[in-house]
Every structure is written in C-alpha cells, then in structure tokens.
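Me: Hey, can you walk me through this one? I'm new to reading structures.
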Amino acid sequence: MTTAQQTHSDHGHEHGDACGHVSFQHGDHVDYAHDGHVHRQQEGQWRECEVSQHTPVESHGHQHGHGCEHTSVPHGDHVDYLHDGQRHAAHEDHYDQH
C-alpha cells in the first residue's frame, strides 16, 4: 500500500486517546480523522496518510451508511467507514480501501 504524506507544519494540537477525534489502526501506525483529513505522526510531525492507489475491497456483503454499525469517518467530500481493520469508501459499484 502506497501512501501520500503531506506534512502539516501548523497542526495545532496533539492527537491521542483523549483528543476527541476518531482513531483507528492503519497498518503499523494509528491514524486520526481531523477536519476531513486523516493524520498520522511520523518523525515528530503530523502528516496526512492517504492511500494513493485504487484498491477495491475484494468482497463486501453489505452497504455502508447511516445505521450500518460501522464507525463513520468524514474524509474530504465523502464519508469512509471503518470495517474489519480497513477504511472503506464507496466508489462506483464497489468499495475501495482508503
């Protein structure tokens, strides 16, 4: 999985257990959803953690949406859903891993 990592030099607070933002495991690190972006700490800086490739979810047996019981994560102009350790986003007739 390739990720784009834009540094946020003006990130005004530290993320952590009590910061109030949705957090989730993403590979070998923890991401935090904040203001429509997904951030991770790396080398003492907060960076966006975005998948830069189109990766369809292989099998997905239900629709995500209000009431689906998965945590929703505002992300840019859409909403992702945390599902089985992945962040899913609707794309055409399937879901992508974000």
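Me: Which residues does Ala33 touch, not counting those up to four places away in sequence?
Reply: Ala33 touches His21, Val22 and Val73, where contact means heavy atoms within 4.5 Å. Keep in mind that this is a predicted model: local features need pLDDT of at least 70, side-chain atom pairs count only at pLDDT 80 or more, and totals for chains, interfaces and linings use all residues. Residues are numbered from 1 along each chain as its sequence is written, and side-chain values use heavy atoms, with hydrogens and water left out.
Me: And which residues make up the largest nonpolar core?
Reply: Ala33 is in there with Phe24, Val38, Val73 and Leu82, 5 residues in all. A nonpolar core is a set of buried Ala, Val, Leu, Ile, Met, Phe, Trp, Tyr and Cys residues joined through side-chain atoms within 4.5 Å. Buried means under 20% relative accessible area, exposed over 50%, and partly exposed in between (1.4 Å probe, protein chains only).
Me: New topic: how many aromatic pairs does the structure hold?
Reply: It holds 1 aromatic pair. The ring centres of Tyr32 and Trp46 are 5.9 Å apart and the planes sit at 80°, so this pair is edge-to-face. (Rings of Phe, Tyr and Trp, using its six-membered ring, pair if their centres lie within 6.5 Å; planes under 30 degrees apart are stacked, over 60 edge-to-face, the rest tilted.)
Me: Is Trp46 buried or exposed?
Reply: Trp46 is buried, at 5% relative accessible area, and Tyr32 is buried too, at 10%.
Me: How many disulfides?
Reply: The structure has 0 (a disulfide being a pair of cysteine sulfur atoms within 2.5 Å).
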